[in-house]
Amino acid sequence: MNVDELLRSLAEMSRDVRVSAEGRVIAWVRRTDFPGVATSLHVRSGLPLDLLFATDDRAEGRGFGVHAVFALDQAHYWLEIATDLPAESPWYESITREVMAAHWYERYAQDMFGIRAEGHPDDRRLVHHENVPALTHPLRKDFAWNTRLAQANEPYPMGRVEGEGIFQIPVGPIHAGIIEPGHFRFNVAGERIITLEGKLFFTHKGVEKLLEGRTHADALPFVERVSGDSAASHALAFCQAVEAIAGCKVPERACMLRVLAVELERFTMHLHDLANICGMGTGFTVMAANGFRIVERLRRLSARLFGNRFFRGLVVPGGVSTPWTSAQMADAVDTVDGAWSEASSLVRLALDSDTLRDRLETTGVLTRDAAWAYGAKGVAARASGIDRDARRNHPHAGYGLLSFSGRTRTEGDVFARVMLRVDEMSDALNLIRAAAGFCRDRTSESDYRADCECRDGDALGWAEGWRGQILDWVRMRDGVIDRAVIRDPSFCNWPLFGELGPGNIVPDFPLCNKSLNLSYSGTDL
Amino acid sequence: MNPALLTTVQVVVVVTFAPLATGVVRRVKAFLQGRHGPPVLLPYWTLLTLMRKEMVLSTSTSWVFRAAPYVVLATALLSAAVLPLVARGGIAAPLSHMVVVAGIWMLGAVFLVLAGLDSAGAFGGMGSSREMTISAFLEPALIVTLASFALASGSSTVDGMLAIGGRGLLSRPWVLPALASLGLIALGENARYPVDNPATHLELTMVHEAMVLEYSGPYLALMELASMVKLAVFALLLVNIVLPAGLLTTATGIVALAAAPLVTAVKLGAAMVLLALVESSMAKLRFYGLPEYFFGSLFLGLTSLALGLFAGWL
């Protein structure tokens with residue numbers, strides 16, 4: 001089915017279809033039609049679900065809203081299916097049985113808004129742990145952010161396998177390394193993993209709630225800190241959403257500097273992961289020590305160019321905060337060039353080590369089917385043969401002006417994810433060179449920031465960060481944020497462990513874990 | 001020199017230098033990775049710090065947990081007393097019968113395993129289960145390897161086996177595979193690469209460290225000291241087989257006593273540099289790859305034994 005046909009058939013079913021400026025078709029359907037439309041878009045038309053979220057529209061007398069965002073990757077469009085639920089009985093029929101990627105989103109909406117997805121195969125809590133009283137729905141407008149909750153003891157059972165010789169291993173939430181909290185429950189027979197389940201949201205910060213009522217400038221510091229390792233890409237996704245609402249045209253130099261910021265972040269974090277997987281994960285310590293040494297150089301580059309070590313503060317609504325001089329751009333290109341030549345010799349060293357390759361190959365295989373069903377994002381998806389990259393499928397910032405094709409691998413194991421990162425580092429280097437060249441030749445240093453007012457409306461904003469696709473939905477009302485949905489790719493990728501863990505042995509799990517390197521903070525919003 | 005004095009000197013020297021050996025291997029590994037690394041004397045301070053620290057005992061532990069540090073350290077000290085490390089022909093040397101030596105190490109391993117289980121934590125049990133798996137592969141290899149040396153030297157005590165050390169190996173080249181096997185076993189027994197990673201923080205991958213995870217304070221110090229002594233014992237034993245020079249005997253005078261610490265330090269240093277090179281040049285093996293590793297060791301030992309028997313017939 002091509003896109004035109006799809007939209008025509010949608011128009012027949014929906015009471016309102018409109019197209020927004022940032023490249024999004026919005027179709028409002030009846031509550032009873034919502035599951036059918038969403039399911040057929042995913043199953044029959046093969047569209048991936050990239051976001052599902054709820055809104056509280058009771059102030060306007062419309063009850064609650066549920067929105068499902070699908071990607072029309074070939075046409076470079078997004079397709080948002082929305083429905084209203086009555087305030088007194090906010091429920092709809094769950095789509096998780098057909099659209100597996102919806103399973104965490106629906107549980108999330110259930111906890112945060114009290115919207116029931118009837119028939120959800122797993123209707124346990126997700127964000128709320130045992131200590132949160134029933135009927136606590138923090139994202140409803142009538143819930144004050146500073147409410148002190150009573151201590152409760154609601155059930156939150158974890159999966160358990162019974163049988164002779166089957167053991168449970170509880171790991172975390174406090175871990176031995178300096179990482180964030182998350183609990184993992186293994187059911188094992190000897191060393192072999194049978195099932196594996198995660199329990200997250202230990203440090204839920206209420207970011208979405210805190211953003212409400214703020215102007216976009218006030219909200220940006222929160223968004224940049226959603227996940228400290230993806231500051232530039234989160235800022236980019238959010239800024240593009242508010243720029244789309246404001247109808248703001250971002251100058252070309254700013255677009256290119258945004259590419260530079262995101263690609264510098266990608267290069268740095270991919271290199272960090274390379275060192276972390278090959279070095280710390282397997283004990284091949286030479287990789288870790290040298291990889292982290294080179295990463296440090298890129299952090300210092302960030303300190304010189306951004307004023308901090310985390311690629312923060314450059315991307316702002318309307319453009320960028322400073323235009324960068326040619327000398328600064330040359331500094332970026334030279335530093336990354338040097339880092340790449342050292343990193344490639346490290347990679348050669350790694351590939352020459354039989355013991356290392358033995359640990360990485362065939363470990364933690366994620367099949368293509370599983371990656372598709374769970375709606376995997378970023379490196380996890382591309383290493384399993386799913387060719388999705390928002391830089392190409394939904395061109396943003398300056399990517400539309402640069403030549404870029406994207407990479408995939410098919411094996412889906414830890415080794416494929418490592419090698420894909422190496423490929424993407426070399427692409428990042430080329431993009432950094434090209435973006436710097438574009439700035440030098442075709443833009444002026446004085447035009448780097450446009451005015452971006454706070455207008456009312458809603459829009460999507462997206463970015464392909466190093467971890468994968470970030471997708472935000474922002475609605476402004478009366479000049480301030482009414483609802484901001486921040487979706488880090490980690491939210492989509494955490495459930496993948498249930499797929500790629502089983503069949504492996506327990507001592508290989510840290511390797512699987514590092515090969516995805518998901519953000520706890522980006523999930524515990 | 002008095003045999004009792006020989007054994008005493010040996011134990012004192014080995015225990016004194018054991019933390020230094022651990023410090024050296026850490027420092028050399030750091031150097032090979034391009035880092036500065038911690039001071040080589042740090043392990044001494046770590047032990048002293050641990051001795052002064054408060055100890056936390058889980059309420060689910062029994063006497064086994066409290067006895068294990070003493071038993072494990074005692075087995076390490078006993079192996080330091082009976083084996084020919086600094087001196088040959090000490091008063092404890094006749095106890096270095098190959099089966100007794102294997103038994104001493106096994107006793108320590110058993111208590112370590114029980115202590116891991118006793119704390120009732122998930123990681124301790126996991127470490128214990130892995131240690132038993134490894135032991136099941138390691139013990140036969142150890143016995144077969146020592147048997148090849150016994151055949152070559154005509155002595156069933158390790159002390160006597162040293163008679164064929166050094167040049168003696170060249171006249172009996174068929175014992176060389178057993179020497180390689182002993183090297184593989186030493187890495188396994190001491191929880192070093194490629195069997196275990198002594199420096200990891202990843203609980204799920206640990207073997208030895210998982211079993212001692214619940215220990216703190218003075219008990220942890222005893223466990224750590226036991227590991228250090230065991231590493232030094234294996235290192236010195238291997239070096240002495242290849243190069244049995246500078247060992248004290250009943251015939252040496254009191255002056256040689258002064259040289260013993262220096263000789264021991266040089267031998268330990270050389271072994272630790274070699275160990276650091278091995279550990280820096282490879283990744284840890286997949287846990288399910290370990291049987292192959294130990295079968296390789298068993299096969300090397302058997303090869304020596306078979307060749308030795310064959311050579312005897314000729």
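In the hairpin formed by β9(A) and β10(A), where two residues lie between the strands, A:Gly190 takes a positive phi near 65°. Strands here are DSSP runs of E with at least two residues, helices are runs of H or I with at least four residues, and both are numbered from the N terminus. The model is predicted, so that local features need pLDDT of at least 70 and side-chain atom pairs count only at pLDDT 80 or more, while totals for chains, interfaces and linings use all residues. Residues are numbered from 1 along each chain as its sequence is written, and chains are lettered from A and ligands numbered from 1 in the order in which they are written.

Two strands count as paired if DSSP finds at least two bridges between them, and the table lists the pairs.

| Strand | Partner strand | Bridges |
|---|---|---|
| β8(A), residues 166–171 | β9(A), residues 183–189 | six bridges |
| β9(A) | β10(A), residues 192–199 | seven bridges |

On one side, A:Pro170 has A:Arg185 in β9(A) as its bridge partner, and A:Val171 stands opposite A:Phe184 in β9(A). A:Arg185 also has a bridge partner in β10(A), namely A:Glu197.

In chain B, B:Leu169 is placed in helix α7 (residues 167–171). B:Leu169 is partly exposed because 17 other C-beta atoms lie within 10 Å, given that a residue is buried with 20 or more such atoms within 10 Å, exposed with 12 or fewer, and partly exposed in between, the C-beta atoms being placed from the backbone. Although B:Leu169 and B:Val242 are 73 residues apart in sequence, their C-alpha atoms are 7.8 Å apart in space.

The two chains also meet, and the contact takes 25 residues from chain A and 23 residues from chain B, where two residues are in contact if their C-beta atoms, placed from the backbone, lie within 7 Å.
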